[in-house]
Amino acid sequence: MAAEYAFGIDLGGTTVKCGLFNSKGELLESWEIPTRTEDNGRNVLPDIAKTIRDKVKEKKLKKGDIEGVGIDVPGPVLDGGIVNQCVNLGWGVVNVKDDLSEMLDGIRVEVGNDANVAALGEAWKGGGKGYSSIIMVTLGTGVGGGVIVNGKIVSGSHGAGGEIGHMTVNYDEEDTCGCGKKGCLEQYVSANGITRVAHKRLAKNKKQTVLVNDDTLSSKKIFDAAKEGDEVALALVDEFGKTLGRALASIAVVVDPECFVIGGGVSKAGQIVLDAITKYYAPNTFHACRTTIFKLAELGNDAGMYGAVKMIV
């Protein structure tokens with residue numbers, strides 16, 4: 001990296017997280033601006049360009065001081081930095097790379113899908129640091145994924161590479177996933193999926209448990225109860241581990257990563273999450289993949305900014 005600085009932009013449906021980094025990948029300053037999605041998101045890129053220009057002016061930087069701007073977006077990204085629909089932003093097909101670069105007087109711009117870019121960030125400076133090939137699994141409201149092979153994002157021919165939350169794990173499922181399919185991994189191991197499964201199990205449960213089958217039930221309460229030895233909660237965590245562990249065992253024989261990095265809100269439960277997954281991972285994967293490392297994500301909500309900068313440097 002010839003220049004001394006780069007910007008990392010994590011574009012979400014509600015806020016835009018912005019970071020100014022140095023050439024070593026150290027975050028110097030971060031701030032947020034609102035994501036204005038009205039009028040089909042026509043203000044989003046101009047707002048980002050303005051906040052970057054304002055920061056450049058504030059820091060008295062020159063164009064030559066900036067290597068570029070990396071940005072992640074909540075949607076599929078095709079070759080050339082073209083975004084193929086971002087429903088949360090109101091976008092159709094938008095050439096983010098060229099449009100934002102033009103607004104920034106020709107500064108280099110690189111674009112990636114948010115989950116993939118977060119995985120790149122974790123591989124560079126987070127839980128996957130030191131490994132060139134990782135798969136990141138983000139267990140939040142849904143399930144996101146990112147595949148990094150030899151330090152590069154594998155986004156696929158349609159920008160859908162790493163969408164592991166929508167691999168089918170139950171062909172008998174009757175409920176429909178948000179994507180329109182049935183039996184997706186997301187329906188069982190996301191924060192919402194864990195509680196969905198728990199509601200069904202608790203409705204038939206006869207055993208004593210601290211868990212209450214109402215709207216206050218959450219994945220956090222389930223993992224907390226399991227840590228305290230609650231038998232029903234332990235069974236739910238085991239079911240979570242079985243579903244995700246087997247799914248990752250199948251993914252491993254396709255990609256053969258050095259490391260799986262587990263992130264998202266569910267991962268905050270800590271080691272119990274890794275223990276549940278690895279219990280079912282090794283017995284269900286190909287023998288050459290059984291020693292794959294499992295780590296917890298470390299960058300939290302900053303992973304996207306770090307990954308965005310890595311696309312530049």
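Which residue forms a salt bridge with lysine 55? In this predicted model, the partner is glutamate 29, and the closest N and O atoms of the two are 2.6 Å apart. Lysine 55 sits in helix 2 (residues 44–58) and glutamate 29 in strand 3 (residues 27–34), so this pair links distant parts of the chain, 26 residues apart. Welcome to a short tour of the salt bridges here; the structure holds 20 of them. As a general idea, side chains of opposite charge can pair when their charged atoms come close.

**Around glutamate 29**

- Glutamate 29 also forms a salt bridge with lysine 59, where the closest N and O atoms are 2.9 Å apart.
- A network of salt bridges links Glu29, Lys55, Glu58 and Lys59.

- Lysine 55 has a relative accessible area of 8%, so it counts as buried, the cut-off being under 20%.
- Glutamate 29 is partly exposed, at 23% relative accessible area.
- Lysine 59 is partly exposed too, with a relative accessibility of 35%.

**A bridge further along the chain**

- Glutamate 173 pairs with arginine 196 in a salt bridge, their closest N and O atoms being 3.2 Å apart.
- Because glutamate 173 lies in the loop between strand 11 (152–153) and helix 5 (186–189), and arginine 196 in helix 6 (residues 191–204), the pair ties together parts that are 23 residues apart in sequence.
- Glutamate 173 is buried, with 11% relative accessible area.

How values were computed: Residues numbered from 1 in each chain as written. Predicted model: local features only at pLDDT ≥ 70, side-chain atom pairs only at ≥ 80, totals over all residues. Heavy atoms only, no water. Salt bridge = Lys/Arg side-chain N within 4 Å of Asp/Glu carboxyl O. Helix = DSSP H or I, 4+ residues; strand = E, 2+ residues; numbered from the N terminus. Buried < 20%, exposed > 50% of the residue type's maximum accessible area, 1.4 Å probe, protein only.
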